[in-house]
Structure formats: C-alpha cells, structure tokens
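Subject: Structure handover and salt bridges

Hello,

Please keep it open as you read.

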Amino acid sequence: MFSFAHPGLLFLFLLIPFFVILYAWARYTRSRKLKRFGNPKVLQSLMPDVSPYKPPVKLTIEMSALILIIFALARPWGGIKDEKTVKEGIEVIIAMDASNSMLASSTADEKGSDRMRTAKLMLEKLINRLDNDRVGLIVYAGDAYTLIPVTNDYVSAKMFLNSIDPSQIDNQGTDIAAAIKMAETSFSESKEIGKAVILITDAEELEDQDGVMAAAEQASKNGIQIDVIGLGSTTPVPIPMKRGGYMIDQTTGERVMTSLNEELAASIAKAGKGIYVNASNREALNELDKQLETLKKASLESNFMAVHDELFPIFAWFALGLMVLDIFILDRKIGWLDKITFFKKERVG
C-alpha cells in the first residue's frame, strides 16, 4: 500500500502545467521577436552556438526535479505493518494514598504545597525514568481501586495519576493492606519479571497495622518488593477543605490534625524487603531508582502498528541529482559533438 503523510501538498502538481505554459509562451514570444530582425534561418547561422534542443531538455529536467520535490514534501510511505519490539524491564505498581489527609500540607507550614500535589509531581518524574518498564496505578483510602493495569502506556498512566482527587472518594481511611493485596493480583503471572509496589502514603490512621505488615511480608515471599514514599511532616498540620476552612472533628469541634508516621512507613518497607524514602529528600528518586535496579529484568514484548518504509529520501536524492545535472547543461551547443559525424553521405557513381 502506498500513501502520503501530507497528501494535500500533492496539489502543488498544478504548478507543472503552469510552468510549461509559461515556457511555451516565452519561446513563442522569443520567436516573434527574432522574426522582426529577419529570416529565422539566416539569423540561426549568425548564432551557431545556440542549441535549439537544450532549452526543452533543461525544462524537462527541471520539471522532473520539481515533481520529485513535491513527492518528497508529501512524505510518501511504503505502507503499514505490525512491528514487534522486545525490551527488558520490570513491572511497577504505584499505590497512591487518596485519604483526606493527603490534602494537608507536605511541610510543617500548614499553607505549604499539599501532599497530593507533591506526590503527583514526584511520581510523574518517576514514571519518566521507568523507560522500558511497565507501570500500573492503584488508588486507595478505605478501599483499594485499580485505575490502570500494568502497561507501557506512560501517557495514560500520568493522565490517570493527575485525575486522583481525595475529595471524590466517599469511603475514607487508609487501608494499605487492601492496596498491597490488589497489587499482587494486578501483576503479570510471569515469575521471571521483577515486580515492585511503590506505596505513597503518610501512613496515618491505618485500619489494621498487623494486617499491613502481614500483607507486606506475604508480598515479599511472592517475589514482590514493597517500597514506601513517605509524605508530609512529622509536625501535625490541619487538613484544608476545598470549599474553604479546615476539617473539623465532629466530636470535639476542633480541627483535625495530621502528621507523617515515618516509623510505621519504614516498618512497612522493611517487611516488604524494600526501602523507605521521604518525599522531601532531594535524593529520594535516585535512591528509589537504585532500589528498583536490584530487581531482575526480563524481556517485555509489545506489538503495535507502525508506519514503515519512509520513501521521501529517495525522491529527494533523485531531485538533487537532477538539479545538479541542470546546472551543467548550458544553452549553447556541445562543441565536441560538432566534430563527430554520425551520418556520412556516400557518393553515387
């Protein structure tokens, strides 16, 4: 199948008859002007070096070059085929805490950037670093939900990541155990591929701490590494509400305060044979990268439709060749050809 990336440019072929007509008009005008000076046959003997054949030859070459240039600009394709790529990588599932506490400041300053925004910015950078790896996304609060299964479609992964909003989740809480268990079922069945769960959390208000430790240990036994990114400050800060003000405890009437439980977050990572990093640490991503590098990489196959056989260089090179040839073809006759007699007259008798 033959197609073009920019078929609209093929309308430039309308220039070809325009230039031919313009050339014919110029030759006609020249002929009329010569007739004013005398007999054309006599005038031709006065211009022995002028070739009557070179101008049409040059025009043919120039128009051919123009046709090839238009083809090249339209970017011709040879067709479409299934192209298979084989890359080596690991599988990573990001489990994002979407409890209300993630709306609180990520620093000791209650007016600082919220934890959710900090997490999204950090995870976007992490996804950009994954390169050949597959990535999945789980969001959890009181329950866990799969937003996107493991995939190499990083654009979709980042789109879903940015769509996470704690205020849209009704069942609040911090059920990390549910997130780990869901992640286990979301990986591929291959035992040759290294797998890791990256938990993003402030590790506060866990519904079942023993259950979380047990889930992390079980995941580790199944060959899944649990890494934890801690968000927030150990200094308690209030939780702002989108409609204004701060979250209030309905029992005491006081503002609800939240802080990072760093000790618990580190314990989860240890149980899952991973590492704990604090998001405020500038080297957090580098440390996480090094940890992921310890996982075994395996071949990951992906099939996709790809345009192949870009043909425009062929047309471009031929056009360049014709333009160079045109430069060396002059309007006058070729001197050395005049010395060659192609046909001899034989005398009779």
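A salt bridge here is a side-chain nitrogen of Lys or Arg within 4 Å of a carboxyl oxygen of Asp or Glu. Searching the whole structure gives four salt bridges. Side chains of opposite charge can pair when their charged atoms come close.

The model is predicted, so local features need pLDDT of at least 70 and side-chain atom pairs count only at pLDDT 80 or more, while totals for chains, interfaces and linings use all residues. Residues are numbered from 1 along each chain as its sequence is written, and side-chain values use heavy atoms, with hydrogens and water left out.

Helices (H or I, at least four residues) and strands (E, at least two) are DSSP runs, numbered from the N terminus. Buried means under 20% relative accessible area, exposed over 50%, and partly exposed in between (1.4 Å probe, protein chains only).

- Glu 91 and Arg 134 form a salt bridge, with their closest N and O atoms 3.4 Å apart. Glu 91 lies in strand β3 (residues 91-97) and Arg 134 in strand β4 (residues 134-140), 43 residues apart. Glu 91 has a relative accessible area of 0%, so this residue counts as buried.

- Asp 202 and Arg 115 meet at 2.8 Å, N to O. Asp 202 sits in the loop between β6 (195-201) and α7 (209-221), whereas Arg 115 is in helix α4 (residues 115-130). Both Asp 202 and Arg 115 are buried.

- Arg 129 pairs with Asp 289 in a salt bridge, at 2.6 Å between the closest N and O atoms. This pair links helix α4 to helix α9 (residues 284-293) across 160 residues. Arg 129 is partly exposed at 38% relative accessible area, and Asp 289 is partly exposed at 22%.

Regards
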